[in-house]
Structures are given as structure tokens and as C-alpha cells.
There are 2 protein chains.
Amino acid sequence: MISEPSIPRTIEWVGGLDGHVLLVEQTLLPVELVMLECHDTGTIWQAIKRLAVRGAPAIGIAGAMGVVLGLRDDAASDRASFLDKVKEVCDYLATSRPTAVNLFWALDRMRAFAASLDSDDVVEIKLGLLEEAKRIRDEDAAMCRAIGVAGEHLIEDGAGVLTHCNAGSLATAEYGTATAPMYAAHAAGRRFRVYADETRPLLQGARLTAWELSRAGIDVTVLCDNMAASLMRSGAVDLVLVGADRVAGNGDVANKIGTYGLAVLAQAHDIPFYVAIPYSTFDRDTVDGAAIPIEQRDESEVRGGFGRLISPEDVPCYNPAFDVTPAALVTGIITDRGLIQPVTADRLCGVLP
Amino acid sequence: MISEPSIPRTIEWVGGLDGHVLLVEQTLLPVELVMLECHDTGTIWQAIKRLAVRGAPAIGIAGAMGVVLGLRDDAASDRASFLDKVKEVCDYLATSRPTAVNLFWALDRMRAFAASLDSDDVVEIKLGLLEEAKRIRDEDAAMCRAIGVAGEHLIEDGAGVLTHCNAGSLATAEYGTATAPMYAAHAAGRRFRVYADETRPLLQGARLTAWELSRAGIDVTVLCDNMAASLMRSGAVDLVLVGADRVAGNGDVANKIGTYGLAVLAQAHDIPFYVAIPYSTFDRDTVDGAAIPIEQRDESEVRGGFGRLISPEDVPCYNPAFDVTPAALVTGIITDRGLIQPVTADRLCGVLP
């Protein structure tokens with residue numbers, strides 16, 4: 001049984017069709033917790049753009065709820081012109097973050113759902129869309145919860161757990177992916193310590209993971225990324241537990257830059273290395289990690305990432321967004337369909353329905 | 001032949017006994033190069049305190065020159081009372097950075113030198129002290145240059161060299177330790193690329209190493225510490241070259257936090273790992289790395305190191321200043337007395353005179 005962690009839901013719909021979206025304003029964390037009320041689709045568009053809401057699942061949910069906000073007051077009285085308007089609102093929201101695959105997925109789902117409703121009553125379609133947006137949120141929360149159930153036994157009483165970036169509640173509807181087993185183990189009464197890599201350049205570990213875990217009453221300590229090796233050597237780390245952006249058909253894992261280094265260090269120190277993902281993140285069409293393109297992000301994130309110049313302006317910076325961890329370094333993959341261990345292509349595909 | 005790198009000397013004495021100390025104001029780097037003129041011992045004390053001058057050898061030189069500034073105008077006319085004043089000035093300067101072993105060493109050397117001079121002429125002793133302070137500087141520069149000679153062949157044309165922190169010119173009189181082979185290889189006309197880890201929490205790599213190497217015309221790229229593993233995997237790194245604070249009798253290396261992780265990653269990628277040190281850094285009285293105490297520094301360096309809060313105030317931070325790399329992971333130690341490779345206790349001691 002997982003009890004509710006004592007953190008706000010990252011995003012939810014409040015009230016009926018005349019209600020609003022309430023989301024955690026993440027740009028102000030960890031200094032301040034402010035809940036942002038969104039009463040119109042433009043505010044959602046801005047929230048996605050400004051990274052007030054981030055993390056693929058949370059962005060998808062925001063997009064879906066943004067569709068409802070953009071349509072609920074629409075004056076169209078016939079089905080055909082209303083469906084045109086659905087497309088218009090979805091196209092608009094898609095421009096808020098043009099690389100967010102999960103946003104497109106959610107918008108497509110909303111559009112398809114509207115088209116599938118066998119009704120000429122526009123109000124009925126609007127109410128249906130609201131239910132669908134809430135369903136996307138609830139399904140995500142249930143998926144995270146299932147990851148927690150599948151992985152919580154890995155965190156024993158007294159354990160030290162090292163994590164990287166924020167594959168947390170703040171990136172999803174609730175519970176997170178890598179953090180889900182932590183919330184579940186905590187709810188089960190086990191005491192353990194989480195070590196959160198600060199995760200340069202954008203510091204999601206220091207800013208977000210440390211914040212949400214400490215708020216939930218979980219013992220968490222922040223460290224700079226380059227301190228993980230000596231922490232492992234000290235014996236304080238019993239397992240590494242991270243999320244993933246994508247898992248290739250052979251089990252290679254693409255995740256936030258720094259993950260691969262942790263996996264190498266974990267192996268050198270004989271520490272198990274787990275990856276927690278929604279099973280939907282498994283991408284059997286990508287043969288292996290070599291086929292995953294690595295986005296190079298703007299140098300300014302490294303050079304000026306703390307609001308001031310930390311490196312000479314004329315010196316280039318290396319800033320890959322992700323790295324790829326070979327399946328051979330991954331002890332197990334925790335999914336909403338259960339724990340996959342050892343990680344082999346056969347076992348990965350075997351979990352498919 | 002090593003030509004002069006095109007960077008200012010970190011610290012030097014300008015003029016005669018009525019001259020002054022000129023040093024690079026390092027707190028303003030990399031944004032601005034300002035040379036700080038020190039005309040009195042109080043300014044030196046402040047410069048050491050404020051980290052305007054940092055790096056063990058550079059601090060020692062600053063201390064020695066500060067002794068001269070504090071004594072040159074002294075009114076004492078007899079040897080005994082002048083020697084009392086020498087002790088007083090040295091004791092004062094020692095309070096500027098109470099853990100700086102090299103500062104104490106330099107101050108002791110200045111005091112012993114004054115006492116050893118067989119003269120009753122106070123002006124003659126003052127001139128002798130100035131010469132001694134310049135000698136400390138020149139010996140340091142020569143030592144760095146010798147490290148460069150011993151190590152420059154390791155950097156081949158087209159090589160990629162990964163370094164950590166700033167064991168550079170800015171930490172010494174000139175040339176640096178880990179950077180000395182780079183300056184030497186550059187002067188020899190070889191083209192190579194240096195990758196400088198930014199080195200959290202205090203960012204010496206991004207702020208200082210990137211600055212001094214780029215100024216000297218060496219191709220340098222900055223990366224966040226957690227990107228080193230994927231850079232190694234990409235094949236871009238041919239050797240790792242770092243400095244050390246202390247090398248134990250068995251060859252274990254204490255250096256800036258993050259060094260140990262790089263050594264583990266280098267071994268996993270079959271990349272040689274070199275440490276450059278003045279032979280005086282070899283501490284045969286310390287049996288091995290386990291005997292080296294690791295200073296835990298203030299949490300605020302991690303939590304608020306960039307002038308703003310990056311992690312919740314109530315979440316603890318892990319902030320060890322150093323880590324220890326076992327000798328088994330060190331390919332070779334480059335010293336002013338030659339290259340020690342492989343690294344064994346016998347070979348380390350064998351280099352002693």
C-alpha cells in the first residue's frame with residue numbers, strides 16, 4: 001500500500017468544466033512553492049514554454065488540460081466546426097515546446113478522442129474531453145504507482161540510494177519514475193537515505209529532487225556530480241536508481257548526461273544500477289543505443305548556467321543533453337509491468353502484451 | 001625548449017627593495033584580468049584571505065614577498081630587534097590562511113634565512129630577504145618547467161587531454177604542474193585539445209584553467225564534471241592529466257574531489273591517467289591514502305555556490321574537498337625529477353636523492 005506522499009500534485013484539474021488547472025510553478029523551486037492557477041489555454045502555453053511545468057509526462061498532461069481550457073467557452077454549436085476548433089487549439093499548444101514528443105502524443109490523443117465521440121452535442125464533447133484529460137493524468141499516476149510497487153523491495157531498511165536528475169513526482173502527475181520506489185519504500189516504513197546528484201548543467205537534482213523528497217519526509221543529501229565516486233567508495237551507496245528518456249530494443253538506456261558515468265562507477269564498486277521507466281518508454285524500433293541521436297544543447301547552459309559567467313566567453317563548452325548507458329551496465333529495469341532483471345532484449349520484448 | 005606562455009606571471013616582485021608585488025587578482029577571473037599591486041603586507045594578507053591569490057605554491061610566494069613588504073620600512077637598527085620583527089610579520093601572515101602548509105613552509109624559510117645571515121646590517125638583511133623571496137618564486141617556476149620537460153612527450157600531436165580543477169600557472173609562479181606539460185607541448189608546436197572539467201563546487205576548471213590555457217593559445221573546451229564519461233566513451237580523450245595535493249608513500253594520490261572518479265572512468269575506457277606534482281608533494285611519511293584525512297568543507301559551497309540558492313536550505317550537502325585515488329589507477333607520476341612509471345613505492349622512493 002502506498003500512502004500519498006506529502007507533496008502537492010504536480011498538476012491537476014480543479015472543479016468542473018468551468019474549473020481550472022493547478023500546477024506547481026517549478027521555476028521558483030527550491031526557494032518558494034507557488035501553485036499556478038491556469039484559467040486559459042494561453043497560460044498553459046506559457047507555463048510549458050517557461051518550464052514552469054517540465055518532465056515529459058507532466059507536459060503531456062498540461063497539454064491535454066490546456067485543450068479543455070481552450071475549448072470550454074467555444075461558441076461553436078455544431079460538431080464539425082467544433083472539431084475544427086479542437087485541431088486549432090491542439091496545433092497552437094504544440095508550438096509551446098516543439099521537441100516534446102509526449103506533448104504531441106497527448107494532443108493527438110485528445111484530438112482523436114474528440115473525433116471518436118459519437119455525439120452532436122458540443123457540451124457533451126467538451127465534458128468528454130475534460131474526462132479524457134483527467135484520465136491521462138490518472139493513468140500517469142497509476143503507472144508511476146505501479147513502478148513503485150515493482151521496485152520498492154529493492155530499497156532495504158538502512159539503504160543508501162543514489163539518484164541523478166529529477167525523474168520525480170515533479171516530472172509526472174505524481175510519484176515519479178525513479179522516485180516511485182522511494183516513495184513506496186518510505187510509505188512501507190523503511191528508513192533509507194537518498195543521495196541526489198545536483199545534475200549540472202540545469203541542476204534538476206539539487207533544485208527539484210532534493211526539494212520533493214525532503215518535503216515528503218525522505219532523508220536526502222545533495223552532492224556535486226563529481227562526488228559520486230568517492231561516495232560509492234565510502235560504502236554509503238547500496239544502489240543507483242535513475243529514470244530514462246528512452247530504452248532501446250537491446251536495453252541500452254538514454255538518460256540525462258552523467259547517467260553513463262554513474263553506471264560505470266557503480267559497476268567498478270559492485271553496486272547495482274537500476275533504471276525506472278514507464279514501459280511505454282521502451283522503444284523496440286531503436287535497435288541499440290548507437291541509433292539514438294544525442295542532442296547538443298546551448299553552450300550558455302554550461303557557461304552561464306548560474307546567472308553569471310563562470311567560463312571565458314570565447315572558450316567552447318561541451319553540452320550533450322543525454323548519454324547512453326549500455327544494457328550490460330544495467331542491473332535491472334523497473335517498469336509498471338514489473339521488474340526486468342537481467343536486462344536482455346528477449347526479456348524486454350517478453351514483457352510486451 | 002619551453003617558450004614563455006602568453007599569460008601574465010601569477011605573482012612577481014617589481015623593482016628593488018622599494019618596489020611592490022604584482023599579482024593576478026583571481027577573484028575577477030574569467031570576466032576580467034586585473035593585476036593587483038601590493039605595496040604593504042596588509043594587502044598581501046587580504047589577497048591570501050580573499051583567495052585573490054590561491055594554489056599552494058603561489059600562496060607561499062605571496063607570503064614570502066609579504067614578509068619583505070612588512071619589513072623593508074622597519075626602523076629597527078640592530079639585528080636582534082629586527083629578527084624579532086621578522087618573527088612578528090611571519091606570525092601575522094600565517095593567520096591569513098591557517099591551513100596553508102605551503103604558506104607556513106615559505107614563512108619558516110624566510111625566518112630561518114634571516115637568522116642565518118651573518119650580518120649586523122639591517123639593510124643588508126632586508127636585501128637578502130628580498131633575494132630569498134625572489135628565489136622561492138624562481139625555484140617554483142623552474143620546478144614547474146622541469147615537470148613540463150618530464151611530461152611533454154606524453155601529449156602527442158592531435159591528442160585530447162582531460163584535466164580537472166586548476167593545477168595551472170595560476171596556482172604556481174608560472175607554468176603550473178598539470179598544465180606544465182601542456183605549455184611545453186604547445187611550445188614544441190604540437191596541436192592538441194584540452195578538456196577542462198568545470199570542477200564543482202568552486203569551478204576552478206571553468207574559471208581558471210579554461211582562462212589561462214585559452215589565453216596561451218591552447219585549444220580548450222569546458223565540460224561539466226558529469227560529462228567526462230561520455231567524452232571518454234566518444235574516443236576524444238587520449239590521456240587524463242591532473243595535479244595533486246599530496247602523494248602518499250605507496251603512490252596513492254589525494255587531489256581535488258572528482259579526481260578519483262576520473263581515474264576509475266579512465267581505467268574503464270583504457271585511457272592513461274597521469275598525475276603531475278613537484279617531487280616535494282611526495283609524502284613518504286604517509287603510508288597510504290587511507291591515512292590522509294579528507295576535509296569536509298562548508299555546505300554553502302554546494303547549496304549557494306553561485307550566489308543563489310540551488311538546493312533547499314534544510315537539505316544537507318556532501319562536500320568533501322578531496323578524494324584519494326589508489327596508486328593502482330595511476331599510470332604515471334610526472335615530477336620535476338622525471339617521470340615515475342609504473343607507480344610503485346620502490347620507484348617513488350628511488351627518485352629521492
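**Charged contacts and paired strands in a predicted model**

A:Asp120 is an exposed residue, its relative accessible area being 61%. The structure described here is a predicted model. In chain A, A:Asp120 sits in the loop between helix 4 (101-116) and helix 5 (122-151). It is also one member of a negative surface patch, which is formed together with A:Asp78, A:Asp84, A:Glu88, A:Asp118, A:Asp121 and A:Glu124.

B:Glu174 forms a salt bridge with B:Arg9, and their closest N and O atoms are 3.8 Å apart. B:Glu174 belongs to the loop between strand 4 (160-163) and helix 6 (180-187) of chain B, and B:Arg9 to the segment before strand 1 (11-14) of chain B, so the contact ties together parts that are 165 residues apart in sequence. With 6% relative accessibility B:Glu174 counts as buried, whereas B:Arg9, at 33%, counts as partly exposed.

Another salt bridge joins the side chains of B:Asp91 and B:Arg111, at 3.3 Å from N to O. This pair links distant parts of the chain, 20 residues apart, with B:Asp91 in helix 3 (residues 79-94) of chain B and B:Arg111 in helix 4 (residues 101-116) of chain B. Both partners are partly exposed: B:Asp91 has a relative accessible area of 34%, and B:Arg111 is at 24% relative accessibility. Back in chain A, salt bridges that share partners connect A:Arg9, A:Glu12, A:Arg137, A:Asp138 and A:Glu174 in one network.

Turning to the strands of chain A, strand 8 (residues 246-248) and strand 9 (residues 253-256) run antiparallel and are joined by 2 bridges. Here A:Arg246 stands opposite A:Ala254 of strand 9. The hairpin made by strands 8 and 9 has 4 residues between the strands, and in it A:Gly251 adopts a positive phi near 95°. Strand 9 of chain A also pairs with strand 13 (residues 322-325) of chain A, in the antiparallel sense and over 4 bridges. In this pairing, A:Asn255 has A:Asp323 of strand 13 as its bridge partner.

Notes:
Residues numbered from 1 in each chain as written. Chains lettered and ligands numbered in written order. Predicted model: local features only at pLDDT ≥ 70, side-chain atom pairs only at ≥ 80, totals over all residues. Heavy atoms only, no water. Pairing = 2+ DSSP bridges. Patch = residues over 30% accessible without salt bridge, like charges linked within 9 Å, V, L, I, M, F, W, Y side chains within 5 Å. Areas by Shrake-Rupley, 256 points an atom, 1.4 Å probe, with all protein chains shown as cover. Salt bridge = Lys/Arg side-chain N within 4 Å of Asp/Glu carboxyl O. Lys, Arg positive; Asp, Glu negative; His and termini not counted. Charge placed at Lys NZ, Arg CZ, Asp CG, Glu CD. Buried < 20%, exposed > 50% of the residue type's maximum accessible area, 1.4 Å probe, protein only.
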